[in-house]
Amino acid sequence: MRIFQYQGQEEDHYTNTLMNILKREDCRLAIPFTRNILRETAQHFTFKELKINTRVKYCPQEEKKYEYIIGIAPYKRAIEDRKKYEDNSGSIPDAWICGSNFNLLFEFKIRGVLDENQLAAHKKLLGKDAKIIRLTWADVISSLEKIHVLQDSIDHYLLNEFLCVTDNFKSKRRASGMPTQIISGINKKHKCHFIITGSRNIKVYTVELSVDGNKQMLHSNLRGIQEARRWIADYVLNNHEQLGITFEGMNTEVTDYCVVPGRAERNNSWNQWRLGGFL
């Protein structure tokens, strides 16, 4: 068991940590955890021969009577399944919890929302009657809080430490004031990007599209920079083929250039963020 081994990506790391905590002592914590998050759905589960696996594409056990895809993200809304989305058949589930008569496939997102196309791809890994259940991290946190107060010192400590880091999954801003959705600030003026112009004083923000140096006004009456980014995210979702950007579902990287009228150009900022952070 390697609870604290870093997995290379933040999402995989937290999944590995949680699943290894639940796996302790023959998966005994997985029982109340599953019952808490699934409630009535879990009432017919037989919690024997429990097994937990992470980062395994295909179900590690045979088809069972009860099979579910459990999608967990900060926000329950998922992007809609549209034919123009890229194929997600190669996507690997984050975790599996399997018992005598059930198989549960878990897909975790610590930023943004679930990708409906990814969930549909995961459904093909289970039997034809498998169902999708969408939950939020609030559901997971509530379940863990109910469990950790009843546990011995080791389990109590591990669960408490994990609950502390879940603040990262739902916080809106870093201590610096920069939104957590911003992943970098690289000048990409020679690539497709969006120009957001406005300020709190003016109270009106505009969005322009810049491709190969050619600018096109897309919207001229938005009420804030976050609203502008949400509008851009929806625009990219519906027009990514025409934009010629690399579309990776919720992980699609978008670049904007923020301009405040009257401010020195050197103080304007480049920003990169993931599509899922604003949908």
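Mentor: What follows takes those terms one at a time.

Trainee: What kind of model is this, and what is the mean pLDDT of the protein chain?

Mentor: The model is predicted. The mean pLDDT of the protein chain is 85, and 86% of its residues reach 70 or more.

Trainee: Where does pLDDT stay under 50?

Mentor: One such stretch is residues 81-86, for which the model has 17 contacts beyond four places in sequence. Residues 171-178 are also below 50, with 12 contacts beyond near neighbours in sequence. Where pLDDT is low, the predicted coordinates should not be read in detail.

Trainee: How many helices and strands does the protein chain have?

Mentor: The protein chain has seven helices and 13 strands. Of its 279 residues, 50% count as buried. Among contacts between residues at least 6 apart in sequence, 65% join residues at least 24 apart.

Trainee: What makes S1 and S7 the edges of the open sheet?

Mentor: The sheet has five strands in the order S1-S4-S5-S2-S7, with mixed pairing. Two strands count as paired if at least two bridges are found between them. Strand S1 (51-54) and strand S7 (131-136) each have a single partner strand, so one side of each is left without a neighbour in the sheet. From one strand to the next, the twist averages 20°.

Trainee: How do you know that S2 and S7 pair, and in which sense?

Mentor: The cut-off is at least two bridges. Strand S2 (residues 66-73) and S7 have six, and they pair in the parallel sense. Ile69 stands opposite Ile132 in S7.

Trainee: Which helices lie on these strands?

Mentor: Helix H1 (residues 10-27) lies across S1, strand S4 (95-98) and strand S5 (102-108), and runs at about 160° to S1. Helix H2 (residues 30-38) packs on the sheet and touches S1, S2, S4, S5 and S7, its direction making about 75° with that of S5.

Trainee: How do you know that the span of helix H5 agrees with its number of residues?

Mentor: H5 (residues 153-165) has 13 residues, and at 1.5 Å a residue it should span 18 Å. The C-alpha atoms at its ends are 19 Å apart, which agrees.

Trainee: Which residues of H5 are buried, and why are they said to be on the same side?

Mentor: Buried means under 20% relative accessible area. In H5 the residues that qualify are Asp155, Leu158, Leu159, Phe162 and Leu163. They cover an arc of only 135° around the axis, and therefore lie on the same side of H5.

Key. Residues are numbered from 1 along each chain as its sequence is written. This is a predicted model: local features need pLDDT of at least 70, side-chain atom pairs count only at pLDDT 80 or more; totals for chains, interfaces and linings use all residues. Side-chain values use heavy atoms; hydrogens and water are left out. Helices (H or I, at least four residues) and strands (E, at least two) are DSSP runs, numbered from the N terminus. The expected span of a helix is 1.5 Å times one less than its number of residues. Buried means under 20% relative accessible area, exposed over 50%, partly exposed in between (1.4 Å probe, protein chains only). The arc is that of the directions from the helix axis to the C-beta atoms. pLDDT is the predictor's confidence in each residue, from 0 to 100. Contact means heavy atoms within 4.5 Å. Axes are lines fitted to C-alpha atoms, for helices over the stretch in contact, and angles run from 0 to 180 degrees between N-to-C directions.
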